[in-house]
Every structure is written in C-alpha cells, then in structure tokens.
Amino acid sequence: MSVRVTTARLRALLLPLVTFLVVAGTATACGPGDDRPRIVVTTNILGDITREIAGDEAEVSVLMKPNADPHSFGLSAVQAAELENADLVVHNGLGLEENVTRHVEAARASGVATFAAGEAADPLTFHADEEGGPGDGAGAPDPHFWTDPDRVRTVAGLITDRIIEHVDGVDEKAVRDNAERYDGELAALSTWMEKSFTAIPEGRRALVTNHHVFGYLAERFGFRVIGAVIPSGTTLASPSSSDLRSLTRAMEKADVRTVFADSSQPTRLADVLRREMGGDVNVVPLYSESLTEKGGGAGTYLEMMRANTSAMAEGLTGD
C-alpha cells in the first residue's frame, strides 16, 4: 500500500513538471519566426540592406560572415541547401561572389526566385586607370555598386518589390513602411557624404586603392581613380612588378601619397608600395567589401559608409 501511495504522490509531483516541459518544448519548436518565410542573401552588405526592408516580416539569412572576402568565401552543404529552400535569394551578381554563383544558379533552376542586385544598379564597367595604364578586366561590369548610396537607394526599392512579389505572407504595408524609412536614411547618407567631401580640394580628390572597388563612389562624388595596387576588380588577382612600377609612376605624376587599403585584407602590398616610393606614403584602411561584426566599426551599411567617408576626408586633407 505504501508503494502505491508513494507512486501516486510521485506521479502527482511529476505531472505538472512533464506538462510544463511539453508546453515549453512546443512553444520553442513552434515559436515566432519559425513559420516565417525565408530570404537568403549572399553578401553581408546586401544582407543588412535586406534586413532593414524585411524587418520582422521574414527571416533573413546571410551566408557571408563578417570580415569575409566576397570574392573567395564559400558555402557549406547546409548553406547551399538554404538557397534551394528559400522563398527569395538576393545576391550581388556581376561575378562578385565567385565561389557562390553556381549555387545561386542551382537554386534558380529549381524554381527559387532570385534577384541580382548589381545587375539592376545600372552597372559601370572597369576602365583603364587614368594614369597607370589599363587595369585587368577593363570593359567588364563593376560589381561594387554599394559605394554609391544613390544606387543603393535604387536597389533597395527593387528588393522591396521582390519581397512583396515573391515572399508569401509578408505584410506589404509593413515592408513598404520599412523601405520608406530606410530610403530616408540612405538619402541623408548621400547628402552627408557630399557635404563631407566638399572639404577635399579638387586637386586632391584622387584615389589609389588595394584593388578597384571605389569606381562608383568616384563617379558619384567627383574623384579621379589613379590606380590600384592590384589592377583588378577582384582580390584574387596579383600584381606584377610592372604593375607596381606603373602605379608608382602614376602616383608621383599626380602627386598622390595616400593609398586606401581594404581593412579586411592584409596591407602587405600597400606596404611594398610605400617602400617603392621611399617611405612617404600614407596607408588608410577602409571597409570596402564586407561589414564587420556589430561594434567592429562597420556593423551596418550606413555605419560602414560613414566611417569610410570620414577616413577618406581625413586621409586626403591631412586634417
């Protein structure tokens, strides 16, 4: 009898606990967000822009980690599967994500809606360096459209339309409200950048970078592109001795002593250029192709562009 009483009491004690665990487990498994539609974005810059627009209406998964190189990052099998199970895939295109393109194409072939942001941004083409001779890939489309905030405004509007068109279950008004708010922030960024760059004398608005990445910024804000340490639109290329000689001659001719190096890449090549020119070269790090982790200096697109603008203005005025 005592055993039956003990068992009954034990059951009475355990029943509320089991009930709690079952309810908690069900809430976790079926909690908010699990049933939301999913947007998969290749690069973290586009990922931040897409999150601002989608808000809470869709789960946005970004494949590229902070501080990664878009030209060289790859996908795991799980990430590749994410692409094919997405409601919408947003990618840059124009050859930027060199190791991811085939996965995006596979997702598109399986029926997933995809949007190539770079192709929709009225892309520029790589051209011969103004002073340093032809760059590698001259005539090819330039994928780095995000250095012009006005083109980002255009792309953000198109992402908004694609989300509403292809992602079932989103609240159109909420998405468009998010997009309108973010467009205002992008417009303010563009105005602020223009005002900041007015402090740079016309004769000093000349850019030398690690590789060709700021062509859109140069066109939008009136800079000359003198050349690049790596005369290419991709970090996977390498400079030759003749490339470095051509660039140093171009810099001396233009009286340019500042090189802007990607903060996520080693500055060894820029240091070589400094030695080639006798040591008097200012190497300024910029965030060019990747966001950082939150709190790392460029955790969002807006933060990245403001940090770059301030660094460029200071580097070219000497203030």
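**Aromatic contacts in a predicted model**

Trainee: Which ring does the charged end of R306 sit over, and how far is it from the centre of that ring?
Mentor: This is a predicted model. In it, the charged end of R306 lies over an aromatic ring. That ring belongs to W192, and the distance to its centre is 4.7 Å.

Trainee: How many aromatic pairs does the structure hold?
Mentor: Two rings count as a pair if their centres lie within 6.5 Å. On that basis the number of aromatic pairs in the structure is 3.

Trainee: Is the pair of F197 and F221 stacked or edge-to-face?
Mentor: The ring centres of F197 and F221 are 5.2 Å apart, with the planes at 65°. Planes over 60 degrees apart count as edge-to-face. The pair of F197 and F221 is therefore edge-to-face.

Trainee: How many residues apart in sequence are the parts that this pair ties together?
Mentor: F197 belongs to helix α6 (residues 172–197), whereas F221 belongs to helix α7 (residues 215–221). The pair therefore ties together parts whose separation in sequence is 24 residues.

Trainee: Are F197 and F221 buried or exposed?
Mentor: Buried means under 20% relative accessible area. F197 and F221 are both buried.

Trainee: At what angle are the ring planes of F197 and F223?
Mentor: The centres of these two rings, F197 and F223, are 5.0 Å apart. The pair is edge-to-face because the planes are at 85°.

Trainee: Which residue lies over the face of F223?
Mentor: F223 forms one aromatic cluster with F197 and F221. At 5.8 Å from the ring centre of F223, the residue over its face is R205.

Technical notes
Residues numbered from 1 in each chain as written. Predicted model: local features only at pLDDT ≥ 70, side-chain atom pairs only at ≥ 80, totals over all residues. Heavy atoms only, no water. Phe/Tyr/Trp six-rings, centres within 6.5 Å; stacked < 30°, edge-to-face > 60°. Helix = DSSP H or I, 4+ residues; strand = E, 2+ residues; numbered from the N terminus. Buried < 20%, exposed > 50% of the residue type's maximum accessible area, 1.4 Å probe, protein only. Lys NZ or Arg CZ within 6 Å of the ring centre and 35° of its normal.
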